Amino acid sequence: MNENFIQINGISKHFGNVKAVDDVSFSIKEGEFFSLLGPSGCGKTTLLRLLAGFEYPTNGNLLIDGSDITALPPDKRPTNMVFQNYAIFPHINVEQNIKFGLRKLGLTDDEIKKRVNDVLALVKLEGYEERFSGQLSGGQRQRVALARALVRQPKVLLLDEPLGALDKKLRDEMQLELRTLQKEIGITFVFVTHDQQEAISMSDRVAVMSEGKIQQLSAPNELYKNPENIFVSDFIGETNFLKASTRSKDGDHINVAIEDLGDFKVKNNLNIPENSSDVVCSVRPESMMISRDKSDWDICLEAKINQTSYLGEMTRFYVEVSGINKVITVSSQHFDNQSFENNTCFISISLEDISLLQKK
Amino acid sequence: MFQAWRNLYSKSDNAKAYSLLSPALFLIILVMLIPMALMLSFSSFTQVSMMEIDFTPTFQRYIDFFEKSLLVSLLIKSVKISFIVTLITLLTAYPVCYYIAFYVKKNKMLWLVLLTLPFWTSYLLRVFSWKIILGTKGVFNSTLLGAGIISEPLTFLMYSEEAVIITLTHAWAAFALLPLYVSLEKIDFSYIEAARDLGLSKFEVFWKVTFPLSLPGVIGAILIIFIPTVGDYVTPALIGGTEGRMLSNMIQAYFGKINNIPLGAASATIMLTTVILITAIVSYTTKRLTQRLS
């Protein structure tokens, strides 16, 4: 397995004064399901278009499987793309759409027929050969776009928010299906999305982007459990931020004073310096416990429930702790919006669940 | 009574549709169907003398038309001139529209307005202005004479087929711009990117994707130019001379100074039929062409 299958070396892309991609370097492994995740305008789509050859970088170079593709036009690259709107040619039918990219590969008629049949079976669209784009549902169009790109057997498949236009149920199904498909055919997928849940559930690794830069590149569980900065912590899942300042270090732990709460010793994974006031503590809503009675956890606070939202599999509580001028979000699977009388409760936090992050 | 009528009206979609269409239908019947019926019936009569017409129905006028080689050659010439005008207009307007649709980022509307600006003046004025440009003492000749490139004014510029083609091309170009622009503007750029992504060169992308997708506009432009120019009468009359004369000028003469109204009516009917046939052929072949290309 090639660890540096796609190499992105110091890539920048400027549009006028806007730095869409700002000096980004990383590698993607062969056969990996890799996601570029970030809010709109973070540069993820530009980076994908740079890989596809629709844009050329202002600086830096791109390598796929050892060869420099920086200056190659899209038709000369070993990549194929699934477009956000699918871009199924409306003037030709499904079969002709899929065959569209094959004529330049120098295949015989039999080989073309076999490839088309195989790929139609792969995306479960047998029998739809004669249909036109206008006669297909959103999900079917997406499958055609996938088939059309895969039939060329690219080294890398680029996907630009392909699930964005589908409804929730279909999207969940397609997430699983795409993941299975990728493992089955084993080619490298580079997937662009703004949906953190989508990126986390499908990818081997995720690069979180913001303002043209990579904020963190790691496996999905790392991203969630050990965010490296406030942006990632905030963007992936939900969290509560508490103002704090650091005191003295103690091995791999550090003493912090959390505003309005007191002094605690927490783990210091990011090696944040002593006596810094530019830090925050992040606590995930589901890592806290809400209860009727006082607990013996590291931190236990009496609180008043402001509002609840019942979500079925869990309930989210928005609570106010006396002395803390901030609404804290706690979620629970045990209690629901009917569980607390007088809206009084206790919330408990374990010090292990506090991540210390540095402000930029 | 009124109530009953209202009930019928609100229940029937057909009644609504026809009442909305009725002003247009009335106008079409009055200014299109009746005159055409008159023309068809006139084409079956016989002009006996200057003032006298024999109303016995006959097909003889149509036979007369095809026996007069002048009329047949004028019909062919009309179609030929119109065809060349359409072709030149398409070849010049298409790239311009392509540029505006895909490369102009801001103020597309301004570009279109500027391109159609000359067409805010009347058709006649534009025809006359070509007379000033192409004439023996016109802008073109005096410039060339002044520059010493020619010693005698070029006479073929004026009162010729070429002059008619140039004038008609300029006169109708704006009408080709709009349908072409609209059909190109509608093409999602991701189709073009997708085709590039699937291994096609820029040239192939144009023939396999962009051009087929813009065909509705191309057909629109062809018909919008071909239909009015084939029967144009003003330009050949003012600019064409004897060389550039078209069938419409002859038809006008039959209704006017030659005074053979039945033959004129038959010629007009034959011309109309020709235009309808050509229109049908163009629509059909372009549809086939789309399928062939892709």
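What percentage of the 294 residues in chain B do buried residues make up? In this predicted model, buried residues account for 41% of the 294 residues in chain B. The chain holds 13 helices and 2 strands, and because its radius of gyration is 24 Å, well over the 19 Å that the globule rule gives for 294 residues, chain B is more spread out than a compact globule. Among contacts in chain B between residues at least 6 apart in sequence, 68% join residues at least 24 apart.

| Property of chain B | Value |
|---|---|
| Span of the C-alpha trace along the principal axes | about 80 × 70 × 40 Å |
| Radius of gyration | 24 Å |

Within chain B, the axes of helix α9 (residues 189-197) and helix α10 (residues 202-230) come within 10 Å and cross at roughly 145°, and the crossing of α9(B) and α10(B) is right-handed. On the α9(B) side the contact involves B:Tyr191, B:Ile192, B:Ala195 and B:Arg196, which meet B:Lys202, B:Val205, B:Val209, B:Thr210 and B:Leu213 in α10(B). By class, this contact has 6 nonpolar, 1 polar and 2 charged residues.

The largest nonpolar core has 73 residues, of which A:Ile6, A:Leu36, A:Phe89 and A:Val190 touch the most other members, while α10(B) gives the most to this core, with 11 residues. Not counting residues up to four places away in sequence, A:Ile6 touches several residues, including A:Phe26, A:Ile28, A:Leu51, A:Val156 and A:Val190. A second, separate core of 32 residues includes A:Ala147, A:Leu159, A:Leu166 and A:Ile187.

Methods. Residues are numbered from 1 along each chain as its sequence is written. Chains are lettered from A and ligands numbered from 1 in the order in which they are written. This is a predicted model: local features need pLDDT of at least 70, side-chain atom pairs count only at pLDDT 80 or more; totals for chains, interfaces and linings use all residues. Side-chain values use heavy atoms; hydrogens and water are left out. Axes are lines fitted to C-alpha atoms, for helices over the stretch in contact, and angles run from 0 to 180 degrees between N-to-C directions. Helices (H or I, at least four residues) and strands (E, at least two) are DSSP runs, numbered from the N terminus. A crossing is left-handed if the near helix is turned anticlockwise from the far one by less than a right angle, and right-handed if clockwise. Contact means heavy atoms within 4.5 Å. Ala, Val, Leu, Ile, Met, Phe, Trp, Tyr, Cys and Pro count as nonpolar, Asp, Glu, Lys and Arg as charged, and the others, Gly among them, as polar. A nonpolar core is a set of buried Ala, Val, Leu, Ile, Met, Phe, Trp, Tyr and Cys residues joined through side-chain atoms within 4.5 Å. Buried means under 20% relative accessible area, exposed over 50%, partly exposed in between (1.4 Å probe, protein chains only). The radius of gyration is taken over C-alpha atoms; the globule rule is 2.2 Å times the number of residues to the power 0.38.
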